[in-house]
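Welcome, and thanks for taking a look at this model with us. The report below walks from the overall fold to a handful of individual residues.

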Amino acid sequence: MRKMVEALRENDYRITPQRLAILKILAESKGHPSVDSIYDQVKTSFPTTSLATIYKNVAVLKDLDQLLELGFSDDSNRYDGNKPYDHPHVVCTVCRKILDPDISALADMTQELTRETGFTITRHRLDFFGICPDCQGRQ
C-alpha cells in the first residue's frame, strides 16, 4: 500500500480517505477483487462513493503500474494490488476464486521461450483453470 500511496503522490494525486480505502482493499486482498466488490466494501464506510470513483481510481493505479488487471472473456475483470506484477494464477471455474501459486520454474520457462523464439519477453500471463477443493467437495 505504501508504494501505491508514493506513486500517487509523485504524480500529484490527492490522498483522500476514499482513495485510501480503495488502496487498502487492493493491497490487502488475496482474492483479486472486481470493481463491484471493491465498491461494495468501500461504500460501507463511505456511502456517498460512486462506482465511477472506483473505476477512476482503478484506472489511475493501473496507469501507474500499481495494479495488475486480469481480464476475462466474460468482462469480469479482477485486480491485484497485492502483487501488481506478472505472475501465474489458478482460477476456479465454479466459484471464480483466484489464487497466486508460487512457480519457481516460470523464470526458466521465460528463458526457454526467449531461446526458442528469439522474442524478448516483456510481459506474460499464465492462468490455470480448474475446480478448487471447496467446489470439488460440493459436487
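Predicted model: local features only at pLDDT ≥ 70, side-chain atom pairs only at ≥ 80, totals over all residues.

## Ground rules

Helices here are DSSP runs of H or I with at least four residues, strands are runs of E with at least two, and both are numbered from the N terminus.

Residues are numbered from 1 along each chain as its sequence is written, and side-chain values use heavy atoms, with hydrogens and water left out.

## The chain as a whole

The chain contains six helices and five strands. Read from the N terminus, the elements follow the order α-α-α-α-β-β-β-β-α-β-α. The C-alpha trace spans about 50 × 45 × 25 Å along its principal axes.

Of the 139 residues in the chain, 32% are buried (buried means under 20% relative accessible area, exposed over 50%, and partly exposed in between, with a 1.4 Å probe and protein chains only). The accessible surface amounts to about 8,900 Å², and carbon and sulfur atoms hold 51% of that; these areas come from the Shrake-Rupley method with a 1.4 Å probe, and for residues only the protein chains shown count as cover. A contact means heavy atoms within 4.5 Å. Among the contacts with a separation of 6 or more, 47% link residues 24 or more positions apart.

On the charge side, there are 18 positive and 20 negative side chains, with the centres of the two sets 6 Å apart. In this count Lys and Arg are positive and Asp and Glu negative, while His and the chain ends are not counted. Each charge is placed at NZ of Lys, CZ of Arg, CG of Asp or CD of Glu.

## A three-stranded sheet

Strands of a sheet pair through backbone hydrogen bonds, either parallel or antiparallel. Two strands are taken to pair if DSSP finds at least two bridges between them. In this model, three strands make an open sheet with mixed pairing, in the order S4-S3-S5. Strand S4 (98-99) and strand S5 (127-130) are at the edges with a single partner strand each, so one side of each has no neighbour in the sheet.

Strand S3 (residues 89-92) runs parallel to S5, and four bridges join the two. Within this pair, Val90 sits opposite Phe128 of S5. S3 and S4 run antiparallel and are joined by two bridges, and here Val91 has Ile98 in S4 as its bridge partner. The hairpin of S3 and S4 has five residues between the strands, and in it Arg96 adopts a positive phi near 70°.

## Cysteines without disulfides

How many disulfides does the rule give? A disulfide is a pair of cysteine sulfur atoms within 2.5 Å, and by this rule the count is zero. Cys95 is in no disulfide, as its nearest cysteine sulfur, in Cys92, is 3.7 Å away. Cys95 counts as partly exposed because its relative accessibility is 35%.

Cys135 has its closest cysteine sulfur in Cys132, at 3.7 Å, which is too far for a bond. This residue, Cys135, is buried, with a relative accessible area of 3%.

## Loops between the helices

The loop between helix H1 (2-10) and helix H2 (17-28) holds Tyr13. Tyr13 is partly exposed at 32% relative accessibility, and beyond residues up to four places away in sequence it touches Leu8, Arg19, Val60 and Leu64. Its C-alpha atom is 40 Å from that of Gly118, which lies 105 residues away along the chain. Asp12 has a positive phi of about 65° although it is not a glycine, and Asp12 is exposed, with a relative accessible area of 71%.

Thr49 is located in the loop between helix H3 (35-45) and helix H4 (51-63). Thr49 is buried too, with a relative accessible area of 6%. Setting aside neighbours within four places in sequence, Thr49 contacts Gln18, Tyr39, Val42 and Ile54.
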